[in-house]
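Welcome! Here is a short tour for anyone meeting this structure for the first time.

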Amino acid sequence: MNAALLVARRRCGISQEQLADKLGIYRIGIVLIERHDWLPPPATRQRLAKVLKTTEQELFGSASK
């Protein structure tokens, strides 16, 4: 589980559906990211960090490189 993403999303008060809408992806994409079943492309990781007011490194660790 990507606890950092889950914590950041909840801290911002954003549901999976709302986050998916902001990113232009399906909710299942957020589910898969949170379960570590999918590492999104760099552009999506950047948008995630921006929407959640954090960094890619915080959300994805060394996978963000």
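Lys 53 sits in the loop between H4 and helix H5 (56-60). Please keep in mind that this is a predicted model. The phi angle of Lys 53 is positive, at about 55 degrees, although the residue is not a glycine. Is Lys 53 buried or exposed? Lys 53 is exposed, because its relative accessible area is 70% and exposed means over 50%.

Another loop is worth a visit too. His 36 lies between helix H3 (27-34) and helix H4 (42-51). His 36 has a positive phi, near 65 degrees, and is likewise a residue other than glycine. His 36 is exposed, with a relative accessible area of 53%.

The table puts the two residues side by side.

| Residue | Phi | Relative accessible area |
|---|---|---|
| His 36 | near 65 degrees | 53% |
| Lys 53 | about 55 degrees | 70% |

Now for a pair of helices. How do H2 and H3 lie relative to each other? The axes of helix H2 (residues 16-23) and H3 come within 8 Å and cross at roughly 110 degrees. Angles of 65 to 115 degrees count as roughly perpendicular, and H2 and H3 are therefore roughly perpendicular to each other.

Which residues bring these helices together? On the H2 side they are Gln 16, Glu 17, Leu 19, Ala 20 and Leu 23, which meet Arg 27, Ile 30, Val 31 and Glu 34 of H3.

Technical notes:
Residues are numbered from 1 along each chain as its sequence is written. This is a predicted model: local features need pLDDT of at least 70, side-chain atom pairs count only at pLDDT 80 or more; totals for chains, interfaces and linings use all residues. Side-chain values use heavy atoms; hydrogens and water are left out. Helices (H or I, at least four residues) and strands (E, at least two) are DSSP runs, numbered from the N terminus. Buried means under 20% relative accessible area, exposed over 50%, partly exposed in between (1.4 Å probe, protein chains only). Axes are lines fitted to C-alpha atoms, for helices over the stretch in contact, and angles run from 0 to 180 degrees between N-to-C directions. Angles under 35 degrees count as roughly parallel, over 145 as roughly antiparallel, 65 to 115 as roughly perpendicular and the rest as oblique. Contact means heavy atoms within 4.5 Å.
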